[in-house]
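Please keep the sequence and the model open while reading.

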Amino acid sequence: MMDQLDILQIGAAIGGWLGAALTFFSPFEADSRFHWTGLSAFILLGTGLYLVQRHRSKADAGNWVRFLFPPALYSTQSSWVDVKVYFANRLIKPLISMISLPVNVVIMTVFASLVMSTRNEADPMGASAGAVIVASILVAILFDLAYYVTHRMTHESDVLWPFHKLHHSAEVLTPITAKRNHPVFNILLTLVTAAIAAPISGVIYGLFGVVEFTTIFGLTLLIAVMNVTGGALRHSHIWLGFGPVLSRIFISPAQHQIHHSMAVRHHDKNYGLTLAIWDWMFGTLYVPAAREDLEFGVADRFGRPEPQVHSTLKAAYLVPFQECGAALQARSAAAEETCS
(Lines give C-alpha, C1' and ligand atoms only; values in the text may rest on other atoms or scores of the structure.)
Protein backbone atom coordinates (compact mmCIF):
# COMPACT_ATOMS: atom_id res chain seq x y z
CA MET A 1 0.00 0.00 0.00
CA MET A 2 1.10 3.54 -0.63
CA ASP A 3 1.96 5.55 2.48
CA GLN A 4 1.39 9.26 2.95
CA LEU A 5 4.74 10.26 1.45
CA ASP A 6 4.09 8.23 -1.71
CA ILE A 7 0.82 10.06 -2.18
CA LEU A 8 2.55 13.41 -1.64
CA GLN A 9 5.20 12.57 -4.21
CA ILE A 10 2.70 11.53 -6.86
CA GLY A 11 0.46 14.48 -6.06
CA ALA A 12 3.36 16.93 -6.42
CA ALA A 13 4.24 15.54 -9.83
CA ILE A 14 0.68 15.51 -11.20
CA GLY A 15 -0.19 18.84 -9.58
CA GLY A 16 2.83 20.55 -11.14
CA TRP A 17 1.85 19.44 -14.64
CA LEU A 18 -1.83 20.26 -14.27
CA GLY A 19 -1.00 23.64 -12.71
CA ALA A 20 1.13 24.53 -15.71
CA ALA A 21 -1.63 23.44 -18.09
CA LEU A 22 -4.22 25.60 -16.34
CA THR A 23 -1.89 28.62 -16.14
CA PHE A 24 -2.48 29.44 -19.80
CA PHE A 25 -6.14 30.18 -19.12
CA SER A 26 -5.61 32.36 -16.03
CA PRO A 27 -5.58 36.17 -16.33
CA PHE A 28 -2.44 36.44 -14.18
CA GLU A 29 0.38 33.94 -14.17
CA ALA A 30 0.98 32.15 -10.88
CA ASP A 31 4.44 32.38 -9.30
CA SER A 32 5.86 34.86 -11.81
CA ARG A 33 6.29 38.58 -12.35
CA PHE A 34 2.92 38.52 -14.12
CA HIS A 35 1.21 37.59 -10.87
CA TRP A 36 -1.01 40.38 -9.56
CA THR A 37 1.62 41.26 -6.94
CA GLY A 38 4.23 41.92 -9.62
CA LEU A 39 1.91 43.98 -11.79
CA SER A 40 0.64 45.94 -8.77
CA ALA A 41 4.19 46.72 -7.66
CA PHE A 42 4.97 47.89 -11.19
CA ILE A 43 2.06 50.36 -11.06
CA LEU A 44 2.72 51.54 -7.49
CA LEU A 45 6.49 51.90 -7.74
CA GLY A 46 6.24 53.37 -11.23
CA THR A 47 3.70 55.90 -10.03
CA GLY A 48 5.94 56.86 -7.12
CA LEU A 49 8.89 57.40 -9.45
CA TYR A 50 6.65 59.41 -11.79
CA LEU A 51 5.64 61.71 -8.93
CA VAL A 52 9.26 62.10 -7.80
CA GLN A 53 10.36 62.98 -11.32
CA ARG A 54 7.54 65.49 -11.73
CA HIS A 55 8.39 67.09 -8.37
CA ARG A 56 12.11 67.35 -9.13
CA SER A 57 11.58 68.85 -12.56
CA LYS A 58 9.11 71.39 -11.13
CA ALA A 59 7.09 70.77 -14.26
CA ASP A 60 4.69 68.32 -15.80
CA ALA A 61 6.60 65.05 -16.39
CA GLY A 62 4.08 64.06 -19.01
CA ASN A 63 1.00 61.93 -18.95
CA TRP A 64 1.06 59.34 -16.13
CA VAL A 65 -0.11 56.47 -18.33
CA ARG A 66 2.39 57.36 -21.04
CA PHE A 67 5.13 57.50 -18.41
CA LEU A 68 4.35 53.93 -17.35
CA PHE A 69 3.55 52.59 -20.83
CA PRO A 70 5.23 54.69 -23.55
CA PRO A 71 3.55 53.88 -26.90
CA ALA A 72 6.89 54.27 -28.67
CA LEU A 73 8.24 51.24 -26.78
CA TYR A 74 5.19 49.01 -26.96
CA SER A 75 4.63 49.54 -30.68
CA THR A 76 8.09 48.36 -31.78
CA GLN A 77 8.81 45.19 -33.73
CA SER A 78 10.92 44.01 -30.79
CA SER A 79 7.95 44.26 -28.41
CA TRP A 80 5.73 42.45 -30.90
CA VAL A 81 8.19 39.54 -30.96
CA ASP A 82 8.10 39.55 -27.14
CA VAL A 83 4.34 39.04 -27.26
CA LYS A 84 4.55 36.26 -29.85
CA VAL A 85 7.22 34.36 -27.92
CA TYR A 86 5.27 34.79 -24.69
CA PHE A 87 2.07 33.24 -26.01
CA ALA A 88 3.90 30.53 -27.97
CA ASN A 89 5.76 29.51 -24.83
CA ARG A 90 2.54 29.43 -22.83
CA LEU A 91 1.03 27.05 -25.35
CA ILE A 92 3.90 24.58 -24.96
CA LYS A 93 4.42 25.19 -21.24
CA PRO A 94 2.64 21.96 -20.17
CA LEU A 95 5.12 19.97 -22.27
CA ILE A 96 8.09 21.89 -20.90
CA SER A 97 6.78 21.43 -17.37
CA MET A 98 6.90 17.67 -17.75
CA ILE A 99 10.68 18.02 -17.73
CA SER A 100 10.43 19.71 -14.32
CA LEU A 101 8.97 16.55 -12.81
CA PRO A 102 12.47 15.32 -11.83
CA VAL A 103 12.79 18.35 -9.55
CA ASN A 104 9.76 17.30 -7.50
CA VAL A 105 10.70 13.63 -7.63
CA VAL A 106 14.26 14.24 -6.39
CA ILE A 107 13.11 16.55 -3.60
CA MET A 108 10.39 14.21 -2.39
CA THR A 109 12.55 11.08 -2.67
CA VAL A 110 15.38 12.55 -0.62
CA PHE A 111 12.87 14.00 1.81
CA ALA A 112 11.13 10.64 2.20
CA SER A 113 14.37 8.79 2.97
CA LEU A 114 15.49 11.39 5.51
CA VAL A 115 12.18 11.91 7.26
CA MET A 116 11.69 8.17 7.73
CA SER A 117 15.07 7.84 9.41
CA THR A 118 15.13 11.04 11.47
CA ARG A 119 11.57 11.80 12.53
CA ASN A 120 8.72 10.13 14.34
CA GLU A 121 6.71 8.19 11.75
CA ALA A 122 3.55 8.90 13.70
CA ASP A 123 4.00 12.60 13.01
CA PRO A 124 6.24 12.95 9.94
CA MET A 125 5.03 16.46 9.18
CA GLY A 126 5.12 18.04 12.61
CA ALA A 127 7.53 20.85 11.68
CA SER A 128 7.26 24.13 13.57
CA ALA A 129 6.46 27.41 11.84
CA GLY A 130 10.04 28.53 12.46
CA ALA A 131 11.42 25.41 10.77
CA VAL A 132 9.18 25.97 7.74
CA ILE A 133 10.35 29.59 7.41
CA VAL A 134 14.07 28.77 7.78
CA ALA A 135 13.84 25.86 5.34
CA SER A 136 11.97 28.04 2.83
CA ILE A 137 14.64 30.75 3.01
CA LEU A 138 17.47 28.24 2.52
CA VAL A 139 15.70 26.63 -0.44
CA ALA A 140 15.01 30.06 -2.00
CA ILE A 141 18.73 30.87 -1.77
CA LEU A 142 19.57 27.55 -3.43
CA PHE A 143 17.18 28.11 -6.32
CA ASP A 144 18.60 31.61 -6.79
CA LEU A 145 22.09 30.09 -7.02
CA ALA A 146 20.84 27.61 -9.63
CA TYR A 147 19.54 30.52 -11.70
CA TYR A 148 22.86 32.37 -11.42
CA VAL A 149 24.78 29.29 -12.57
CA THR A 150 22.42 28.68 -15.51
CA HIS A 151 22.37 32.32 -16.55
CA ARG A 152 26.14 32.71 -16.44
CA MET A 153 26.67 29.40 -18.21
CA THR A 154 24.48 30.47 -21.14
CA HIS A 155 26.50 33.66 -21.51
CA GLU A 156 29.90 31.98 -21.41
CA SER A 157 29.19 28.96 -23.64
CA ASP A 158 29.21 29.59 -27.39
CA VAL A 159 26.94 26.56 -27.81
CA LEU A 160 24.34 27.66 -25.24
CA TRP A 161 24.50 31.40 -25.86
CA PRO A 162 22.27 31.32 -28.99
CA PHE A 163 19.34 30.10 -26.89
CA HIS A 164 19.72 32.96 -24.39
CA LYS A 165 20.67 35.47 -27.07
CA LEU A 166 16.98 35.63 -28.01
CA HIS A 167 16.28 37.29 -24.67
CA HIS A 168 19.10 39.80 -25.10
CA SER A 169 18.16 40.65 -28.68
CA ALA A 170 15.25 42.73 -27.34
CA GLU A 171 15.93 46.30 -28.45
CA VAL A 172 13.51 47.81 -25.94
CA LEU A 173 12.52 46.51 -22.53
CA THR A 174 8.92 46.08 -21.39
CA PRO A 175 7.64 43.77 -18.63
CA ILE A 176 6.75 41.08 -21.19
CA THR A 177 10.41 40.98 -22.31
CA ALA A 178 10.99 38.90 -19.17
CA LYS A 179 9.18 36.09 -21.01
CA ARG A 180 11.22 36.43 -24.21
CA ASN A 181 13.02 33.15 -23.52
CA HIS A 182 13.73 30.25 -25.83
CA PRO A 183 12.20 26.95 -24.65
CA VAL A 184 15.69 25.40 -24.60
CA PHE A 185 16.77 28.02 -22.04
CA ASN A 186 13.74 27.19 -19.90
CA ILE A 187 14.52 23.47 -20.12
CA LEU A 188 18.17 24.08 -19.25
CA LEU A 189 17.17 26.13 -16.22
CA THR A 190 14.94 23.30 -15.04
CA LEU A 191 17.66 20.68 -15.46
CA VAL A 192 20.35 22.75 -13.72
CA THR A 193 17.93 23.47 -10.90
CA ALA A 194 17.25 19.75 -10.58
CA ALA A 195 20.98 19.02 -10.46
CA ILE A 196 21.98 21.79 -8.03
CA ALA A 197 19.04 22.82 -5.92
CA ALA A 198 16.71 19.82 -5.83
CA PRO A 199 18.93 17.28 -3.98
CA ILE A 200 20.04 19.81 -1.34
CA SER A 201 16.47 21.05 -1.00
CA GLY A 202 15.46 17.47 -0.26
CA VAL A 203 18.11 17.32 2.46
CA ILE A 204 16.89 20.60 3.95
CA TYR A 205 13.26 19.46 3.91
CA GLY A 206 14.23 16.15 5.48
CA LEU A 207 16.33 17.69 8.25
CA PHE A 208 13.64 20.22 9.12
CA GLY A 209 10.76 17.79 8.55
CA VAL A 210 9.12 20.23 6.12
CA VAL A 211 6.84 19.28 3.24
CA GLU A 212 5.67 22.74 2.23
CA PHE A 213 7.13 26.17 1.53
CA THR A 214 6.43 29.44 3.24
CA THR A 215 4.35 31.35 0.71
CA ILE A 216 3.32 34.99 0.44
CA PHE A 217 0.12 35.72 -1.50
CA GLY A 218 0.41 32.17 -2.83
CA LEU A 219 3.90 32.79 -4.22
CA THR A 220 7.12 31.02 -3.35
CA LEU A 221 9.39 33.17 -1.23
CA LEU A 222 11.89 33.97 -3.99
CA ILE A 223 9.27 35.21 -6.46
CA ALA A 224 7.34 37.10 -3.78
CA VAL A 225 10.43 39.08 -2.74
CA MET A 226 11.28 39.86 -6.37
CA ASN A 227 7.72 40.94 -7.18
CA VAL A 228 7.23 43.34 -4.29
CA THR A 229 10.66 44.93 -4.85
CA GLY A 230 9.87 45.80 -8.45
CA GLY A 231 10.63 42.63 -10.39
CA ALA A 232 8.42 43.79 -13.26
CA LEU A 233 10.45 47.01 -13.50
CA ARG A 234 13.59 45.06 -14.35
CA HIS A 235 12.48 44.84 -17.97
CA SER A 236 11.27 48.39 -18.44
CA HIS A 237 12.45 51.91 -19.17
CA ILE A 238 11.90 52.93 -15.53
CA TRP A 239 15.13 53.21 -13.55
CA LEU A 240 15.05 52.06 -9.92
CA GLY A 241 18.28 51.49 -8.01
CA PHE A 242 18.63 50.17 -4.47
CA GLY A 243 21.67 52.20 -3.44
CA PRO A 244 25.29 51.10 -2.85
CA VAL A 245 24.52 48.78 0.10
CA LEU A 246 21.31 46.96 -0.81
CA SER A 247 22.52 46.56 -4.40
CA ARG A 248 25.17 44.18 -3.06
CA ILE A 249 22.47 41.99 -1.56
CA PHE A 250 19.54 42.27 -4.01
CA ILE A 251 19.53 42.83 -7.76
CA SER A 252 17.69 46.08 -8.47
CA PRO A 253 15.70 46.80 -11.65
CA ALA A 254 18.47 49.22 -12.67
CA GLN A 255 21.11 46.51 -12.30
CA HIS A 256 19.22 44.13 -14.55
CA GLN A 257 18.71 46.84 -17.14
CA ILE A 258 22.50 47.26 -17.08
CA HIS A 259 22.78 43.51 -17.73
CA HIS A 260 20.92 44.11 -21.01
CA SER A 261 23.14 47.04 -22.01
CA MET A 262 25.38 46.82 -25.09
CA ALA A 263 28.12 48.90 -23.45
CA VAL A 264 31.39 47.00 -23.00
CA ARG A 265 31.65 47.97 -19.32
CA HIS A 266 28.30 46.25 -18.71
CA HIS A 267 29.06 42.97 -20.48
CA ASP A 268 28.77 39.83 -18.34
CA LYS A 269 27.55 41.70 -15.26
CA ASN A 270 24.63 41.20 -12.86
CA TYR A 271 23.57 37.63 -13.62
CA GLY A 272 21.52 37.27 -10.42
CA LEU A 273 17.77 36.79 -10.35
CA THR A 274 16.84 38.17 -6.93
CA LEU A 275 20.08 38.08 -4.95
CA ALA A 276 23.22 40.05 -5.83
CA ILE A 277 25.41 38.05 -3.45
CA TRP A 278 26.46 35.56 -6.15
CA ASP A 279 27.59 38.37 -8.46
CA TRP A 280 29.40 39.95 -5.52
CA MET A 281 31.12 36.67 -4.58
CA PHE A 282 32.13 35.73 -8.13
CA GLY A 283 33.19 39.15 -9.43
CA THR A 284 30.33 39.87 -11.82
CA LEU A 285 28.57 42.60 -9.83
CA TYR A 286 28.07 46.08 -11.29
CA VAL A 287 26.50 48.73 -9.07
CA PRO A 288 25.82 52.03 -10.87
CA ALA A 289 26.67 55.20 -8.98
CA ALA A 290 23.88 57.09 -10.75
CA ARG A 291 21.47 56.65 -13.63
CA GLU A 292 23.19 55.67 -16.88
CA ASP A 293 22.03 56.00 -20.47
CA LEU A 294 21.61 52.52 -21.89
CA GLU A 295 21.16 50.98 -25.31
CA PHE A 296 19.70 47.48 -25.43
CA GLY A 297 20.39 44.62 -27.79
CA VAL A 298 23.23 42.26 -28.65
CA ALA A 299 26.73 43.64 -29.17
CA ASP A 300 30.16 42.08 -29.71
CA ARG A 301 32.99 42.35 -27.21
CA PHE A 302 33.86 45.79 -28.59
CA GLY A 303 30.32 47.08 -28.04
CA ARG A 304 29.42 47.08 -31.73
CA PRO A 305 25.71 46.21 -32.25
CA GLU A 306 25.02 42.89 -33.97
CA PRO A 307 22.23 42.58 -36.56
CA GLN A 308 18.76 41.61 -35.35
CA VAL A 309 18.19 37.93 -36.20
CA HIS A 310 14.97 37.38 -34.22
CA SER A 311 12.55 39.59 -36.09
CA THR A 312 9.83 36.90 -36.33
CA LEU A 313 8.53 34.11 -34.11
CA LYS A 314 9.91 31.52 -36.54
CA ALA A 315 13.35 33.10 -36.43
CA ALA A 316 13.18 33.40 -32.63
CA TYR A 317 12.65 29.64 -32.35
CA LEU A 318 14.81 28.33 -35.20
CA VAL A 319 17.81 30.68 -35.52
CA PRO A 320 19.21 29.65 -32.10
CA PHE A 321 19.41 26.03 -33.31
CA GLN A 322 21.22 27.16 -36.46
CA GLU A 323 23.69 29.26 -34.49
CA CYS A 324 24.21 26.47 -31.98
CA GLY A 325 24.96 24.07 -34.87
CA ALA A 326 27.46 26.55 -36.33
CA ALA A 327 29.19 26.84 -32.94
CA LEU A 328 29.45 23.05 -32.67
CA GLN A 329 30.91 22.85 -36.20
CA ALA A 330 33.46 25.54 -35.33
CA ARG A 331 34.46 23.61 -32.22
CA SER A 332 34.83 20.40 -34.22
CA ALA A 333 36.95 22.15 -36.87
CA ALA A 334 39.17 23.68 -34.19
CA ALA A 335 39.63 20.30 -32.53
CA GLU A 336 40.59 18.64 -35.83
CA GLU A 337 43.07 21.42 -36.58
CA THR A 338 44.63 21.01 -33.15
CA CYS A 339 44.97 17.24 -33.57
CA SER A 340 46.53 17.61 -37.01
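## Packing of helix α2

The buried residues of α2 pack against α3 (64-68), β2 (219-220) and α10 (221-228), where contact means heavy atoms within 4.5 Å. Helices (H or I, at least four residues) and strands (E, at least two) are DSSP runs numbered from the N terminus. In α2, the buried residues include Thr37, Gly38, Ala41, Phe42, Gly46 and Tyr50. Buried means under 20% relative accessible area, exposed over 50%, and partly exposed in between, with a 1.4 Å probe and protein chains only.

Helix α2 covers residues 36-57, 22 residues in all. From its first C-alpha to its last, α2 reaches 31 Å, close to the expected 32 Å at 1.5 Å a residue; the expected span is 1.5 Å times one less than the number of residues.

## Basis of the values

The model is predicted, so local features need pLDDT of at least 70 and side-chain atom pairs count only at pLDDT 80 or more, while totals for chains, interfaces and linings use all residues. Residues are numbered from 1 along each chain as its sequence is written, and side-chain values use heavy atoms, with hydrogens and water left out.

## Pocket and cavity

On a 1 Å grid over the protein atoms alone, a cavity is a set of points where a 1.4 Å probe fits but cannot get out, and a pocket is an open set with protein on both sides within 12 Å along at least five of seven lines; lining residues have an atom within 4 Å of a point. Grid points are joined across faces, edges and corners, and a volume is the space filled by probe spheres set on the points. The second largest pocket has a volume of about 350 Å³. Its lining has 16 residues, and those nearest the centre are His155, Trp161, His267, Asp268 and Ala299. Helix α8 (residues 161-168) gives the most to this lining, with three residues. By class, the lining of the second largest pocket holds four nonpolar, seven polar and five charged residues. Ala, Val, Leu, Ile, Met, Phe, Trp, Tyr, Cys and Pro count as nonpolar, Asp, Glu, Lys and Arg as charged, and the others, Gly among them, as polar.

The whole structure has one cavity of 30 Å³ or more. The volume of the largest cavity is about 60 Å³. Of the 13 residues that line the largest cavity, Met226, Thr229, Phe242, Ile251 and Thr274 lie nearest its centre. This lining divides into seven nonpolar, five polar and one charged.

## Salt bridges

Seven salt bridges are found in the whole structure, each a side-chain nitrogen of Lys or Arg within 4 Å of a carboxyl oxygen of Asp or Glu. One of them joins Glu323 and Lys165, with the closest N and O atoms 3.1 Å apart. Glu323 lies in helix α14 (residues 313-339) and Lys165 in helix α8, so the pair ties together parts 158 residues apart in sequence. Glu323 is partly exposed at 23% relative accessibility, whereas Lys165 is buried at 8%.

Arg265 and Glu292 also form a salt bridge, 3.0 Å from N to O. Arg265 sits in the loop between α12 (253-259) and α13 (277-282), and Glu292 in the loop between α13 and α14, 27 residues apart. Arg265 is partly exposed at 47%; Glu292 is buried at 14%. Arg304 pairs with Asp300 in a salt bridge at 2.8 Å between the closest N and O atoms. Salt bridges that share partners join Lys165, Glu306 and Glu323 into one network.
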